[in-house]
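Welcome, and thanks for taking a look at this one. Below is a short briefing on helix packing, cores and backbone details, grouped by topic.

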Amino acid sequence: MSKATVLGKTTKADLPAELFGEEFHQSLVHEAARADLAARRRGTASTLRRGEVSMTTAKAWRQKGTGRARAGALSVPHRTGGGVAFGPKPRHYTVKVNRKARRRALRAALSVHADRDSVAVLDAATFEDPSTKKAAQALEKWGAAQPTLVILEVEETGALRSFRNIERVSVLDATAVGVADVIGAASIVVSEKALEVLEGRAK
């Protein structure tokens, strides 16, 4: 069973083997992280096509007798003010990943941090009274590599207010943490209650 430093203390805490004992699967983690990042894209980019631009539909000039090249509608893409050819339209970028694969990828990503000793456990009760200074000192004493991800349970507001204003430290609810967040962090701090939530998600 892996052990992790308790933030702000000299003791160690046991990490659940069900969550931090998974073998690393590069392709599986890559697939889940890609799906996480794709799902966060808003997909609101939009351009006007030639049938949507505000422009006359009349033929630019007559076919013959002007001495100029033939021309039809002015809304064609190669003319100034014309529509955009093959431009983006609102869409979603979600990629389906099987539930078991996503859970296994989350366990694998967390296990990498356990192997690197870059996980610390947080007793959120010590931050009932918010203190950014105290939180920063605790991270510095531990020697947290940046960027740091702090995972909390939704009701641990004191710890949230303590860590959220520290540079290069991001705070997320345990129910919202994705594989991309875990592998994108150099170190992780997770509260005791958040560990229980993550266990439930990764089973």
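Is Asp117 buried, partly exposed or exposed? With a relative accessible area of 44%, Asp117 is partly exposed; here buried means under 20% relative accessible area, exposed over 50%, and partly exposed in between, using a 1.4 Å probe and protein chains only.

Please keep in mind that this is a predicted model, where local features need pLDDT of at least 70, side-chain atom pairs count only at pLDDT 80 or more, and totals for chains, interfaces and linings use all residues. Residues are numbered from 1 along each chain as its sequence is written, and side-chain values use heavy atoms, with hydrogens and water left out.

**Helix α3 and its partners**

- Helices (H or I, at least four residues) and strands (E, at least two) are DSSP runs, numbered from the N terminus.
- Helix α3 (residues 99–116) and helix α7 (residues 192–202) have axes that come within 8 Å and cross at roughly 140°; axes are lines fitted to C-alpha atoms, for helices over the stretch in contact, and angles run from 0 to 180 degrees between N-to-C directions.
- α3 and α7 are therefore oblique to each other, given that angles under 35 degrees count as roughly parallel, over 145 as roughly antiparallel, 65 to 115 as roughly perpendicular and the rest as oblique.
- On the α3 side the contact is made by Arg103, Leu106, Arg107 and Leu110, and on the α7 side by Leu198, Arg201 and Ala202; contact means heavy atoms within 4.5 Å.
- Sorted by class, the contact of α3 with α7 has four nonpolar, no polar and three charged residues, where Ala, Val, Leu, Ile, Met, Phe, Trp, Tyr, Cys and Pro count as nonpolar, Asp, Glu, Lys and Arg as charged, and the others, Gly among them, as polar.
- Helix α2 (residues 26–39) also meets α3: their axes come within 9 Å and cross at roughly 105°, which makes α2 roughly perpendicular to α3.
- Leu28, Val29, Ala32, Ala35 and Asp36 of α2 meet Ala101, Arg102, Arg104, Ala105, Ala108 and Ala109 of α3, and by class the contact of α2 with α3 has eight nonpolar, no polar and three charged residues.

**Two residues in these helices**

- Arg107 sits in helix α3 and counts as buried, at 16% relative accessibility.
- Leaving aside neighbours within four places in sequence, Arg107 is in contact with Glu18, Leu19, Glu22 and Ala202.
- Val29, in helix α2, is buried with a relative accessible area of 4%.
- Again leaving aside neighbours within four places in sequence, Val29 is in contact with Phe24, Ala105, Ala108, Ala109, Val179 and Ile183.

- In helix α4 (residues 132–142), Ala135, Ala138, Leu139 and Trp142 are buried.
- Seen down the axis of α4, these buried residues fall within an arc of 95°, so they line one face of the helix; the arc is that of the directions from the helix axis to the C-beta atoms.
- Lys133, Glu140 and Lys141 are exposed on the other side of α4.
- The buried residues of α4 pack against β1 (3–6), β3 (119–122), β4 (148–152), α5 (157–163), β5 (169–173) and β6 (187–191).
- Thr148 belongs to strand β4 and counts as buried, at 2% relative accessibility.
- Setting aside neighbours within four places in sequence, Thr148 is in contact with Leu139, Arg168, Val169, Ser170, Ser187 and Val189.

**Nonpolar cores**

- A nonpolar core is a set of buried Ala, Val, Leu, Ile, Met, Phe, Trp, Tyr and Cys residues joined through side-chain atoms within 4.5 Å.
- The largest such core has 35 residues, and those with the most contacts inside it are Phe20, Leu110, Ile151, Val179, Ile188 and Val190.
- α3 supplies the largest share of this core, seven residues.
- Apart from it lies another core, of 17 residues, including Ala124, Ala138, Ala159 and Ile166.

**Backbone details**

- Most residues other than glycine have a negative phi, and most peptide bonds are trans.
- Asp117, in the loop between α3 and β3, has a positive phi near 60°.
- Phe86 lies in the loop between α2 and α3, has a positive phi near 60° and counts as exposed, at 86% relative accessibility.
- Gly143, which follows α4, has a positive phi near 85°.
- Gln146 and Pro147 are joined by a cis peptide bond, with omega about 0°; Pro147 is in the loop between α4 and β4.
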